Amino acid sequence: MTTINDKIILLVGLMGSGKTSVGKRLSKKLNLPFVDGDREVEKAAGLSLIDILKCFGLEEYRAGEARVMKRLLQGAPCVLASGGGSFVAPQTREYARKNAITIWLKADLDVLYHRTAGRQHRPFLKGNDTELKNKLETYINEEYPYYSEADIIVETKEEQVDITVDRVINAINNFLAQEHK
C-alpha cells in the first residue's frame, strides 16, 4: 500500500500560491527532503531565473525547466515545489501522473496579488499594481485549466502556513485512502 512518504509530493500553482512556504513545512512534517524546482533550474543553468530569461528567452527557459522537472520527477520521494508554469508542459504533467501525487495550491486573484506585490525576485511579475493584477489574471486564465489536472486541489487562503500544511496532509491521506478502496 502506498503511503504518504513513498511518492514525490508535487506542489503546483501560480507564483504566490504558497508552494515554497507550504512545501518547506510540509517536508519537515513528512520527514522528506524539500526541493525547489526554480532553484534546481538555476543550478542546472548556472544562472538566476532572470538571467536565464535575459540570455536565452522564454522558450529555452521552459525547455530547460521541463528537462529539470523530468529528472526531479524520476527521483526519490520528496516534497517538490514546481516553478509556476512548469505544470503547463505536457511532459511534466505526464511524469507527474506516473511518479507523484500532485497538489494544486489554488489561490484567488486577491491572495496572489497580496503575496506577490512588491516582490522583485519574480521575473514574470514585473510592473505596477495594475499590470501585476492583469498579469496574474492572465496566468489564472491560461494555467488554471492545467492545474485542474492535479490529483488534489487545496484552496490557499490568508491563513497561517501550518494550517494550510495540515489541510494538505489531510487531503493527501484522503486521496491515498480513496486510491486503495
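Trp-104, Tyr-144 and Tyr-147 form one aromatic cluster in this structure, which is a predicted model. A search of the whole structure finds three aromatic pairs, and one of them joins Trp-104 to Tyr-144, whose ring centres are 4.8 Å apart with planes at 75°, so that this pair is edge-to-face. Because Trp-104 belongs to strand β4 (residues 100-106) and Tyr-144 to helix α6 (residues 129-147), the pair ties together parts that lie 40 residues apart in sequence. Trp-104 is buried, with a relative accessible area of 3%, and Tyr-144, at 11%, counts as buried too. The rings of Trp-104 and Tyr-147 make a tilted pair, with their centres 5.8 Å apart and their planes at 45°; here strand β4 is again tied to helix α6, across 43 residues of sequence. Tyr-147 has a relative accessibility of 0% and is therefore counted as buried.

Turning to open space, the second largest pocket has a volume of about 160 Å³, and its lining includes Val-41, Phe-56, Tyr-61 and Arg-67. Helices α2 (37-45) and α3 (49-73) each supply at least two residues of that lining, with the largest share, eight residues, coming from α3. By class, the lining has seven nonpolar, one polar and three charged residues.

As for the cysteines, the structure holds zero disulfides; Cys-55 is exposed, at a relative accessible area of 55%, whereas Cys-78 is buried, at 6%.

Key: Residues are numbered from 1 along each chain as its sequence is written. This is a predicted model: local features need pLDDT of at least 70, side-chain atom pairs count only at pLDDT 80 or more; totals for chains, interfaces and linings use all residues. Side-chain values use heavy atoms; hydrogens and water are left out. A disulfide is a pair of cysteine sulfur atoms within 2.5 Å. Buried means under 20% relative accessible area, exposed over 50%, partly exposed in between (1.4 Å probe, protein chains only). On a 1 Å grid over the protein atoms alone, a cavity is a set of points where a 1.4 Å probe fits but cannot get out, and a pocket is an open set with protein on both sides within 12 Å along at least five of seven lines; lining residues have an atom within 4 Å of a point. Grid points are joined across faces, edges and corners, and a volume is the space filled by probe spheres set on the points. Helices (H or I, at least four residues) and strands (E, at least two) are DSSP runs, numbered from the N terminus. Ala, Val, Leu, Ile, Met, Phe, Trp, Tyr, Cys and Pro count as nonpolar, Asp, Glu, Lys and Arg as charged, and the others, Gly among them, as polar. Rings of Phe, Tyr and Trp (its six-membered ring) pair if their centres lie within 6.5 Å; planes under 30 degrees apart count as stacked, over 60 as edge-to-face and the rest as tilted.
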